[in-house]
Amino acid sequence: IMLWDWTGDTDKLIVTDVDGRNLPHQIMSKGFNGYWGHHFVDIRVYLSVKSLGYTTIVVDEDEKDNIFAEYWPEKKQQWQEKFILENEYLRVEFNSQNGALENVIDKASQDNYTDFSRENGIFRLITEANHKEISHWGSEMSGWFVGRYKNIENIQQNCEMSLNKGEVTQAVTMEFAFNDSKIVCTVSLDK
């Protein structure tokens, strides 16, 4: 659900059905969309709807004022984060330094679908050679053909990662900066 220009407090956001029962939900992102010129809150809600049916949900603020805040005065160093997505079917593990896929495990069979002969789930910047003499067009540059790779650069260095685990979806978001660009990639696994 994408809420536009909602003025409520997202820390107190609740989602209920028409009978007032709380529904599992999760805020995926929020902020200001410069293109549309509006504030937004992106919410995922877990609910059941009969085929060709409909339902009504209510997004509101919870009335309680006690928001839990953690404080660890003895904490001096961040623990080694583990970036793991898991539901009843799969367990997916990511390398905490570069975001590469380390393991994709089928929980029923315990099969690991990872190809250990190479890095998996990585981003590379590939520069092609301009000369593509593969048609009667000659050697001009063409977007229709993949040319000889002139350079392959792994752009998974300086990876910033965050983990969002909620009732509905779990997600690992990775950000890679390279040249004057950046890639933001979110891998999610639903309930």
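Residues are numbered from 1 along each chain as its sequence is written. Since this is a predicted model, local features need pLDDT of at least 70, side-chain atom pairs count only at pLDDT 80 or more, and totals for chains, interfaces and linings use all residues, while side-chain values use heavy atoms, with hydrogens and water left out.

Let's start with the sheet. Three strands come together in an open sheet, in the order 11-12-13, with antiparallel pairing. Strands here are DSSP runs of E with at least two residues, numbered from the N terminus, and two of them pair if DSSP finds at least two bridges between them. The edges belong to strand 11 (160-165) and strand 13 (181-190), each of which pairs on one side only. On average, neighbouring strands of this sheet are turned by 15 degrees against each other, direction ignored; the axes behind that angle are lines fitted to C-alpha atoms, and angles run from 0 to 180 degrees between N-to-C directions.

Zooming in on one pair, strand 11 and strand 12 (residues 169-178) run antiparallel and are joined by six bridges. A hairpin takes the chain from strand 11 to strand 12 through three residues. Within this pair, L163 stands opposite V172 in strand 12.

L163 turns up again in the lining of the largest pocket, along with M28, S29, D42, R44, S162, N164, A171, T173 and T186. A pocket, on a 1 Å grid over the protein atoms alone, is an open set of points where a 1.4 Å probe fits, with protein on both sides within 12 Å along at least five of seven lines; lining residues have an atom within 4 Å of a point. The volume of this pocket is about 180 Å³, counted as the space filled by probe spheres set on the points, which are joined across faces, edges and corners. By type, the lining splits into three nonpolar, five polar and two charged residues. Nonpolar covers Ala, Val, Leu, Ile, Met, Phe, Trp, Tyr, Cys and Pro; charged covers Asp, Glu, Lys and Arg; the others, Gly among them, are polar.

Now for the charges. Side chains of opposite charge can pair when their charged atoms come close. The structure holds eight salt bridges, each being a side-chain nitrogen of Lys or Arg within 4 Å of a carboxyl oxygen of Asp or Glu. One of them pairs D190 with R44, whose closest N and O atoms are 3.1 Å apart. This pair links distant parts of the chain, with D190 in strand 13 and R44 in strand 4, 146 residues apart. D190 is partly exposed at 44% relative accessibility, and R44 is partly exposed at 31% (buried means under 20% relative accessible area, exposed over 50%, partly exposed in between, with a 1.4 Å probe and protein chains only).

R91 has salt bridges to E86, at 3.0 Å between the closest N and O atoms, and to E93, at 2.6 Å. Salt bridges that share partners join E86, R91, E93 and K107 into one network. In this group, E93 is buried, with a relative accessible area of 16%, whereas E86 is partly exposed at 27% and R91 is partly exposed at 24%.

Conventions
Helices (H or I, at least four residues) and strands (E, at least two) are DSSP runs, numbered from the N terminus.
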